[in-house]
Amino acid sequence: MTGLLTFHQCHNYGAVLQAYALQQALKKMGVASEYIDIENEVFEEHGKKAGHNLYRNPLEKGHPRKDHVEAMLQKRWEQFESFRAAKLTCSRRVENEEQLAELIIKYQMLLVGGDQLWNANLPVALDVFSVPFRCSLPKASYGTSMGDSDLISVRKRLFLKNFFAIGVREARSIPYMKKYVGDRVHSNVDPIFLLDKQEWCCFAEAVFSKQYIFAYVFNNGKLDFGEQIQKLREYANHKRHKVIVCANDYVEEDDYVKSVIAVSPGQWLGYIKDADYVVTNSFHGLAFSILFNKPFSLLDRDVRKQELMQVRHRLAEAISESKTYLREICEYGLRYGQ
């Protein structure tokens, strides 16, 4: 049994779907695994509640939170919790390091994998994702990202030296990691690419039958959110084309702009799969647009998205290499963790 560490509790579509993909990929390789279900206040405040600004802001730009919005937020919350319960195999809940030490006895190896777990700029990127506790189990990572951070704390670097293999998602972080942990650093694709298009098509839910543009947009301080929404509104009015906006903030609806809040991970995938065009500033919005062969507009290009755009021309090769890496580290870890 392999113990997995990622931020699977997050109410973010990319976070939960990459967690699902990694576990499914392991299952296809014959590797039993479960996510270590760590309870932490930071995870709830900066992961679940951060999924939509209206969870924490009853008044947004002068608009009172209306009853129907409250109901949609509650449904959204329940959809993410239901997804985790139904689609992810998880351990019992762990509340402290003592319980964690008792739990990991059952595993043969530990695998850390996921988006931005080593991003020093994110509150949810806790020390636990570098396995900062006494543990003799083989430890490795798959596709772990530093995000937009240029460094990892000295404390975390010390613990990462104990990993027998380190897989990172962004190639730019390889020289940095090699400087501190040696040559056992490898480049991996994001876990969502470990499943093919057909597998994701079976998972996606059809939600809108007419032609539409799907806009998955974060109000994250890196772009003028209001300006971008206004541009989408003007384009929709000009083209007489419906724009469905799934954002993390309040969006006023009109005849051509439909705002969706209560969207499950399967429905979110369905919106991308069936869209005529995708507009996004999200890494996983971009990743699934590429996977479903959708035309798209990218509203910003941070390091994560730039690297994904660069690897597009050799994606099939990169996926094959990543699957080989994952298979080899599991074979090694499970063999020496017995």
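Start with how the chain connects to itself: of the contacts with a separation of 6 or more, 71% are between residues 24 or more positions apart. Keep in mind that this is a predicted model. As for secondary structure, the chain has 12 helices and 14 strands. Its radius of gyration is 20 Å, close to the 20 Å that the globule rule gives for 338 residues, so the chain is as compact as a globular protein of that length. If you'd rather think in terms of a box, the C-alpha atoms fill one of roughly 60 × 40 × 35 Å along the principal axes.

The chain exposes about 15,100 Å², and carbon and sulfur atoms supply 47% of that. On the charge side, there are 45 positive and 42 negative charges, and their mean positions sit 4 Å apart.

Is Gln 23 buried or exposed? Its relative accessible area is 6%, which is under the 20% cut-off, so Gln 23 counts as buried. Look past the neighbours within four places in sequence and you can see what Gln 23 is in contact with: Leu 4, then Ser 33, Glu 34 and Tyr 35, and finally Lys 87, Leu 88 and Thr 89.

Next, move along to Leu 291, which has its place in helix 10. This leucine is buried too, with a relative accessible area of 10%. Which residues does Leu 291 touch, not counting those up to four places away in sequence? They are Ile 192, Phe 193, Leu 195, Lys 197 and Trp 200. Take Phe 193 from that list: it is 98 residues away from Leu 291 along the chain, yet their C-alpha atoms are separated by 7.5 Å.

Helix 10, residues 283-291, also turns up in the surroundings of helix 11, as one of the elements that the buried residues of helix 11 pack against. The others are strand 14 (296-298) and helix 12 (315-336). Helix 11 itself runs over residues 303-311, and its buried residues are Arg 304, Lys 305, Glu 307, Leu 308, Met 309 and Val 311. So what caps the N-terminal end of helix 11? That's Asp 302, with a side-chain oxygen lying 3.2 Å from the backbone nitrogen of Arg 304. Arg 304 is also among the buried residues of this helix.

Notes
Residues numbered from 1 in each chain as written. Predicted model: local features only at pLDDT ≥ 70, side-chain atom pairs only at ≥ 80, totals over all residues. Heavy atoms only, no water. Helix = DSSP H or I, 4+ residues; strand = E, 2+ residues; numbered from the N terminus. Rg over C-alpha atoms; globule rule 2.2 N^0.38 Å. Contact = heavy atoms within 4.5 Å. Areas by Shrake-Rupley, 256 points an atom, 1.4 Å probe, with all protein chains shown as cover. Lys, Arg positive; Asp, Glu negative; His and termini not counted. Charge placed at Lys NZ, Arg CZ, Asp CG, Glu CD. Buried < 20%, exposed > 50% of the residue type's maximum accessible area, 1.4 Å probe, protein only. Polar contact = N/O pair within 3.5 Å; in protein donor to acceptor, adjacent residues only side chain to side chain.
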